[in-house]
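Dear colleague,

I am passing on the structure we spoke about, and below it you will find my notes on what turned up when I went through it. Please read them with the structure open beside you.

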Amino acid sequence: MPPLTTSTSLSSVLGSNTENGSNNGEAPLDPEPTKFFFREKYARLGVKGNFMPLAAQPKNVDLGEWLAHQAVEQYRLVEALLQCIQEVDSNTGLAICNPKSCPVMSAGRHTYTWLNNEKIPIKVPAIQYISLVQRWIVGKIHDSKAFPTDNPTGSATTFASGSLNTPGANTPIAMGPTTLSTPLSTLAGHDWVGKKSGFPESFFGDSKTCFRQIFRLYAHLYHSHWVDPFWHMTNGTNSNGWTDLNSCFVHYISVAKLFGLLSEKDMEPMQPLIDIWTANGSIPADAANGACTIVPPQ
């Protein structure tokens with residue numbers, strides 16, 4: 001297994017590009033047969049209801065705190081699904097996802113590469129790729145500097161023009177001349193997503209990376225493991241197996257699209273299913289349209 005680098009940015013460890021069957025300029029590959037999970041019949045969810053309340057930012061919750069909550073929650077959901085392919089079979093000594101069954105991390109004809117310590121993209125078995133991604137995400141969300149859990153010091157008494165805690169001052173200290181049109185974020189210095197709640201400037205980039213990698217985990221689960229184990233886990237019409245997989249993924253994709261956390265290219269491996277859910281309303285209209293797309297402050 002390639003060693004995990006010490007970089008604080010997952011983009012320096014994981015390949016940002018995918019191979020999608022372009023075949024390096026050669027003749028196009030034949031179209032893939034339609035996957036079962038891309039058929040409307042199998043787009044059914046294990047739960048009913050509107051996912052918007054689960055995705056939308058509550059009125060009194062800071063955006064940074066909400067994104068951190070969503071990163072933790074979405075990872076919790078996909079981690080439970082991953083256990084289905086990681087559990088070792090006592091008879092074979094192998095997990096369902098193993099180097100023989102999944103020699104590369106892929107989603108159909110999309111292949112995801114890993115950047116080694118020399119920044120060279122290499123193909124690794126899916127089970128190793130998944131493990132390394134999990135280690136990074138868990139490390140990130142448990143890092144108190146990247147995902148702080150305490151309120152920022154002095155946040156209740158800090159003003160753009162000074163602080164009540166300023167030594168020798170009983171009132172805020174006035175700043176120099178300015179204009180009424182100057183944003184408070186400018187007066188307070190450089191701004192970024194999550195700053196108000198004490199998150200570092202790298203937080204939004206890390207959050208997007210978490211969501212992009214979670215998407216890849218879902219895409220692999222669908223393309224390589226929808227039949228085994230998820231189809232076989234389904235018992236009649238009960239909410240099991242592939243319907244639960246659908247429920248978790250539609251929840252995830254509603255959040256990701258609502259806040260603009262994925263690019264169109266990121267979503268290509270699962271676009272037919274996303275289109276079905278957009279058309280039938282499983283993905284709420286505001287989420288499908290990216291109504292709350294985040295534009296980081298300049």
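**Charged pairs**

D206 is buried, with a relative accessible area of 6%. Please keep in mind throughout that this is a predicted model. D206 forms a salt bridge with K140, in which the closest N and O atoms lie 3.4 Å apart, and this pair links distant parts of the chain, since D206 sits in helix α5 and K140 in helix α3, 66 residues apart. K140 also counts as buried, at 10% relative accessibility.

The search of the whole structure finds two salt bridges, and the other one joins the side chains of R76 and E73, with a distance of 2.6 Å from N to O. These two residues, R76 and E73, are three residues apart in helix α2, and are therefore separated by about one helical turn. R76 counts as partly exposed, at 46% relative accessibility.

What is the nearest side chain of opposite charge to the buried D266? It is R212, at 4.7 Å, and D266 has no salt bridge, because a salt bridge is counted here only within 4 Å. D266 is placed in helix α7, which covers residues 264-267, and, leaving aside neighbours within four places in sequence, D266 is in contact with R212 and F215.

**Overall make-up and the core**

The chain has nine helices and six strands, and of its 298 residues 43% count as buried. The chain exposes about 15900 Å², of which carbon and sulfur atoms supply 54%. Among the contacts between residues at least 6 apart in sequence, 74% join residues that are at least 24 apart.

In soluble globular proteins, nonpolar side chains tend to be buried together. In this model the largest nonpolar core holds 73 residues, and those that touch the most other members are F215, Y218, F249, Y252, I253, M270 and W277. Several elements each supply at least two residues of this core, including the helices α2 (63-86), α3 (126-141), α6 (242-258) and α8 (271-280) and the strands β2 (105-107) and β3 (110-115). The largest share, 13 residues, comes from α5.

**Cysteines**

C97 is buried, with a relative accessible area of 1%, whereas C292 counts as partly exposed, at 36% relative accessibility.

**A loop residue**

N50 is found in the loop between β1 (14-19) and α1, and N50 is exposed, with a relative accessible area of 52%. N50 and S282 are 232 residues apart in sequence, yet their C-alpha atoms are 7.4 Å apart in space.

With best wishes

Terms used: Residues numbered from 1 in each chain as written. Predicted model: local features only at pLDDT ≥ 70, side-chain atom pairs only at ≥ 80, totals over all residues. Heavy atoms only, no water. Core = buried A, V, L, I, M, F, W, Y, C linked by side-chain atoms within 4.5 Å. Buried < 20%, exposed > 50% of the residue type's maximum accessible area, 1.4 Å probe, protein only. Helix = DSSP H or I, 4+ residues; strand = E, 2+ residues; numbered from the N terminus. Lys, Arg positive; Asp, Glu negative; His and termini not counted. Contact = heavy atoms within 4.5 Å. Areas by Shrake-Rupley, 256 points an atom, 1.4 Å probe, with all protein chains shown as cover.
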